Amino acid sequence: MTATVGFLYPGHSAEDDFPRMERLLNDAGAGVLLPLVHTDIGTDAHRVDALLEMGSVDRLTAGLDEVAARGAQAVVWACTSASFVFGWDGAADQVRRLAAHAGLPASSTSFAFARAARAMGVTRVAVAATYPDDVAGLFGDFLKAAGVEVTGVRGSGIITAAEVGTWGREEVLRLLREGDDPAADAVLLPDTALHTAAWLPELEAVAGKPVLTANQVTAWEGLRLLGHTPVCPALGGLFAAPRPVGTVGAEGS
């Protein structure tokens, strides 16, 4: 049976990472479908007020009929900033309400990062973010609430997802190098507007450690909700082996 995860994706930036990941997973024999539905983002801004509106449950649930029509067995809010901006408890409530409306297991990219770090045995991370410093700091706070030690947080001051979506390989490599910390077990790149799916093995080779990126962990989390843990080294160390993981926080399953 094909594992089908529906993703609610804000606007248009790096959504082409998802068909790329679907193709790589299926080339590795995974048997998955990763349909994506775009949500109305309102104002495209990495600003707390705009992110709280972007992640409002009413905006997210507007796309659920289309998710259901695509045959989804689970749904993931494919956005980091407009989930962690609510704080740990608020992000958990967002997921619970999304699951209740969808009648499906649900999660978000913020919880995906926390679970992926635990699954890989990562306890200390460096955050290399596209966001302004204040928003990047909120992601660090979210990770700390998950029990992850944050050795450093680097923001890049990018306001819009549209600008992040124009970044290519060289910009992503620069972000990684500038945000890495020798004390960290892994580097986290937390923006689903950032293209990374094409370069995951290279990013890890450059860092010399695991690199977790937003679209990568989002796909992994959705499949985890279905108990499906495919092996696909082309998507980095997270997919190098099956990684069952216990619960981190609340989810709608």
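**Cysteines, a helix and charged pairs**

Modeller: Cys 79 is buried, at a relative accessible area of 4%; buried means under 20% relative accessible area, exposed over 50%, and partly exposed in between, with a 1.4 Å probe and protein chains only. This is a predicted model, in which local features need pLDDT of at least 70 and side-chain atom pairs pLDDT 80 or more, while totals for chains, interfaces and linings use all residues. Residues are numbered from 1 along each chain as its sequence is written, and side-chain values use heavy atoms, with hydrogens and water left out.

Colleague: How many disulfides are there?

Modeller: A disulfide is a pair of cysteine sulfur atoms within 2.5 Å. By this rule the count is zero.

Colleague: How many residues of H12 are buried?

Modeller: Helices are DSSP runs (H or I, at least four residues) and strands are E runs of at least two, numbered from the N terminus. Helix H12 covers residues 214-225, and Trp 220 and Leu 223 are among its buried residues. The helix is mostly covered, the buried count being twelve of twelve.

Colleague: Which residue forms a salt bridge with Asp 40?

Modeller: A salt bridge is a side-chain nitrogen of Lys or Arg within 4 Å of a carboxyl oxygen of Asp or Glu. For Asp 40, the closest N and O atoms of the pair are 2.9 Å apart. Asp 40 lies in the loop between strand E3 and helix H2 and its partner in helix H3, so the pair ties together parts 19 residues apart in sequence. The partner is Arg 59.

Notes: Expected span 1.5 Å × (residues − 1).
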